[in-house]
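Thanks for making time this morning. Please have the sequence and the model open, and I will go through some places in them one after another.

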Amino acid sequence: MPTATILSKIKERLPGAVLDITEFAGEHILHVQGQDILKVLTELKDDGFNFLADLTAIDNLTLGGFERFAVSYHLLSHKTAERVTVKAYISEEKPSLPSVESLWKTADWQEREVFDLYGIKFEGHPNLIRIMNPDDFEGYPLRKDYPRLGRKERDDFPVVDRPIQKRKRPE
Amino acid sequence: MTRVTEQPLETDKLVLNFGPHHPSTHGTLRIIMELEGETVTKATPEIGYLHSGFEKLGEDLDFNQYITITDRMNYLSPLCNNVAYALAAEKLIGIEVSKRTEYIRVLMCELSRIADHLLNVGMLAVDLGAMTAFLYGFKLREDIYDLFEIATGTRLTTSYTLVGGLMRDIPDGYDRAVLKVLDEVDEVTNDIETLLNKNRIWQDRTKKIGIISKDDAISYGISGPMARATGIEWDIRVNEPYSRYDEFDFDVAIALNGDVFDRYLVRMEEVRQSIKICRQSLEKMPAGDVIVDPGLGYSLPPKDEVYNSIEGLIYHFEVTMPNRGMAPPVGEAYVPTESPNGELGFYIVSDGNRTPYRVRTRPPSLINYSIFSKLIEGHMLSDAPAIIGSINVIAGELDR
């Protein structure tokens with residue numbers, strides 16, 4: 001079954017979830033609601049897209065789109081060698097969507113990376129902690145409103161006090 | 001005489017910090033291991049020690065400038081990164097490059113693959129105590145880096161590709177230099193296999209260590225030689241050919257057991273196949289230009305023209321000035337390529353400005369490494385270097 005047919009069938013089956021189907025440079029992109037991502041990806045997995053190649057996010061602050069954040073999933077079918085991109089949109093006020101770790105284990109680390117760099121929460125993720133940045137890091141560096149040069153220098157390094165005996169100056 | 005009764009020893013759980021500066025991690029990895037005796041019961045990898053913010057930087061650099069950043073990701077095969085990024089940008093913009101460009105790109109990618117695999121096998125061997133294989137591989141890697149220096153001008157930070165072509169053409173007589181090195185590679189792969197394949201210690205240290213099943217490999221997103229060692233017949237060069245890989249005749253190396261030994265065998269076979277591809281590429285090398293379309297505002301003009309003619313100089317500035325030059329279409333493109341470690345993909349989102357809106361690297365090292373804690377559980381501590389070595393974690397690509 002060609003990818004275009006699979007995508008339009010999913011649109012028929014889940015009418016509320018699919019926002020749009022577009023094509024750019026020969027690649028099919030399926031735009032869906034964030035809350036329905038698990039349903040959509042389960043359908044796609046059953047249709048033969050068995051490999052989650054990549055998971056990342058885009059901050060649509062100045063780009064424009066359905067919502068502020070888009071989490072994009074690149075799926076691959078080992079049988080037909082076809083790829084499809086699924087973009088799940090979530091709002092700025094409630095940046096969270098269901099985790100797909102139950103479908104693919106690779107989503108574990110990749111969702112942690114998106115959480116670390118974008119602050120998007122994945123419901124049902126077993127261990128959602130920062131992966132690249134230290135745990136006490138403030139802010140989400142890949143968001144468009146985070147300055148490239150950073151917010152400030154870190155000044156809260158722990159200071160180790162060593163009792164150093166000061167020499168008396170010879171008089 | 002009292003009789004000694006055997007009582008179970010009460011042992012405490014030992015928590016061991018492996019890294020960040022352990023010699024076998026080849027970079028900065030940290031693994032927190034919980035040991036029961038010498039057996040690892042739980043391993044928690046901690047990454048991020050080399051997090052450099054490449055993706056954030058990419059939003060501020062234009063398409064040609066970002067190529068210099070891609071060198072620093074997988075620093076063992078920088079040319080593969082250059083090519084992968086250029087392919088993604090070309091797909092987004094819609095540029096067709098010349099046939100000669102694509103053949104040179106294939107040649108360079110395959111030479112990188114040879115260097116990467118030889119170094120990886122050598123490193124795996126030296127971590128397990130076999131120094132000789134390492135020296136054989138390392139010497140040849142130096143020779144291949146010399147070839148890169150002849151073509152690109154540098155050994156490591158090559159930045160060889162441009163959007164729409166290559167920085168410069170390969171010099172005359174380059175094929176003779178390459179063929180000489182390829183002959184040596186052919187001999188040395190045989191030497192390394194003679195040294196290791198039937199070596200009892202090598203077999204004991206690598207066979208049945210870190211076994212990945214086929215289903216796990218798909219679930220964890222494993223790609224490249226690691227996936228092929230589990231029996232998945234998937235090579236992007238064959239299944240989704242890019243850069244005219246469909247015009248080359250080569251086989252895909254497959255193994256079935258999915259352990260460290262099989263990953264090593266797959267890598268050695270891939271070196272042989274890469275030699276074949278390099279030879280074919282040199283034989284069939286078409287004539288022509290390596291920079292196309294010096295009218296679109298994407299690719300820089302040849303350096304001769306920039307230095308020797310006013311039109312070239314004007315054009316160079318037209319491309320590089322911040323308020324001129326590129327105007328790519330609004331859209332996005334994801335291009336997967338077969339790098340030595342696995343599927344290296346670049347995902348570029350453009351909003352029509354000269355700098356990309358978002359550049360994402362799909363790093364094979366990160367995704368292949370995520371299975372590590374599952375692999376090491378139940379193995380001895382001394383198997384950790386073997387498993388890390390066979391995954392081929394490159395810290396620059398892991399953290400970006």
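A:Ala88 is in strand E5 of chain A, which covers residues 82–90. Before I go further, note that this is a predicted model. Is A:Ala88 buried or exposed? A:Ala88 has 29 other C-beta atoms within 10 Å, and it is therefore buried. If we set aside its neighbours within four places in sequence, A:Ala88 has these contacts: A:Val32, A:Gly34, A:Ile37, A:Ala70, A:Val71 and A:Leu97.

E5(A) pairs with E2(A) in the parallel sense, over six bridges. As one example, A:Gln33 stands opposite A:Tyr89 in E5(A). E2(A), residues 27–33, is also joined by six bridges to E1(A), residues 18–24, and those two strands run antiparallel. In that pairing, A:Thr22 has A:Ile29 of E2(A) as its bridge partner. What do E1(A) and E2(A) form together? They form a hairpin, with two residues between the strands. One residue in the turn, A:Ala25, has a positive phi of about 50 degrees.

Now chain B, starting with its sheets. One is an open sheet of three strands in the order E1-E2-E3, with antiparallel pairing. Strands E1 (14–18) and E3 (39–46) of chain B are at the edges with a single partner strand each, so each has one side without a neighbour in the sheet. From one strand to the next, the twist averages 20 degrees. Between E2(B), residues 30–36, and E3(B) there are seven bridges, in the antiparallel sense. B:Glu36 is one of the residues involved, and its bridge partner in E3(B) is B:Thr39.

Another open sheet in chain B has three strands in the order E6-E7-E8, and its pairing is antiparallel. Which strands stand at the edges here? They are E6 and E8 of chain B; each has a single partner strand, so one side of each is left without a neighbour in the sheet. The twist in this sheet averages 10 degrees from one strand to the next. E7(B) and E8(B) are paired over five bridges, antiparallel. Across that pairing, B:Tyr347 has B:Arg360 in E8(B) as its bridge partner. Helix H3(B) packs on this sheet and touches E6 and E7 of chain B. The direction of H3(B) makes about 150 degrees with that of E6(B).

Some of these elements come up again where the chains touch. In total, 35 residues of chain B are in contact with 27 residues of chain A. On the chain B side, the elements giving two or more residues are helices H1 (54–58), H3 (78–93), H8 (214–219) and H14 (364–369), together with strands E6 (331–339), E7 (342–350) and E8 (358–362). Which element gives the largest share of that side? E6(B) does, with five residues. By class, the chain B side has 13 nonpolar, ten polar and twelve charged residues.

On to a helix pair. Two packed helices are described by the angle between their axes and the distance between the axes. For helix H4 (residues 99–127) and helix H5 (residues 131–152) of chain B, the axes come within 8 Å and cross at roughly 155 degrees. Angles over 145 degrees count as roughly antiparallel, so H4(B) is roughly antiparallel to H5(B). The crossing of the two is left-handed. Among the residues that meet are B:Leu111, B:Ile114 and B:Leu118 from H4(B), and B:Phe134, B:Phe138 and B:Ile144 from H5(B). The contact of H4(B) with H5(B) has 17 nonpolar, two polar and one charged residues.

Last, a pair of serines in loops of chain B. B:Ser159 lies in the loop between H5 and strand E4 (161–162) of chain B. Its phi is near 45 degrees, a positive value in a residue other than glycine. B:Ser159 has 20 other C-beta atoms within 10 Å, and so it is buried. B:Ser243 is in the loop between helix H10 (236–239) and helix H11 (260–283) of chain B. B:Ser243 has a positive phi too, near 50 degrees, and is likewise not a glycine. Because it has 21 C-beta neighbours inside 10 Å, B:Ser243 counts as buried.

How values were computed: Residues are numbered from 1 along each chain as its sequence is written. Chains are lettered from A and ligands numbered from 1 in the order in which they are written. This is a predicted model: local features need pLDDT of at least 70, side-chain atom pairs count only at pLDDT 80 or more; totals for chains, interfaces and linings use all residues. Axes are lines fitted to C-alpha atoms, for helices over the stretch in contact, and angles run from 0 to 180 degrees between N-to-C directions. Helices (H or I, at least four residues) and strands (E, at least two) are DSSP runs, numbered from the N terminus. Angles under 35 degrees count as roughly parallel, over 145 as roughly antiparallel, 65 to 115 as roughly perpendicular and the rest as oblique. A crossing is left-handed if the near helix is turned anticlockwise from the far one by less than a right angle, and right-handed if clockwise. Two residues are in contact if their C-beta atoms, placed from the backbone, lie within 7 Å. Ala, Val, Leu, Ile, Met, Phe, Trp, Tyr, Cys and Pro count as nonpolar, Asp, Glu, Lys and Arg as charged, and the others, Gly among them, as polar. A residue is buried if 20 or more other C-beta atoms lie within 10 Å of its own, exposed if 12 or fewer, and partly exposed in between; C-beta atoms are placed from the backbone. Two strands pair if DSSP finds at least two bridges between them.
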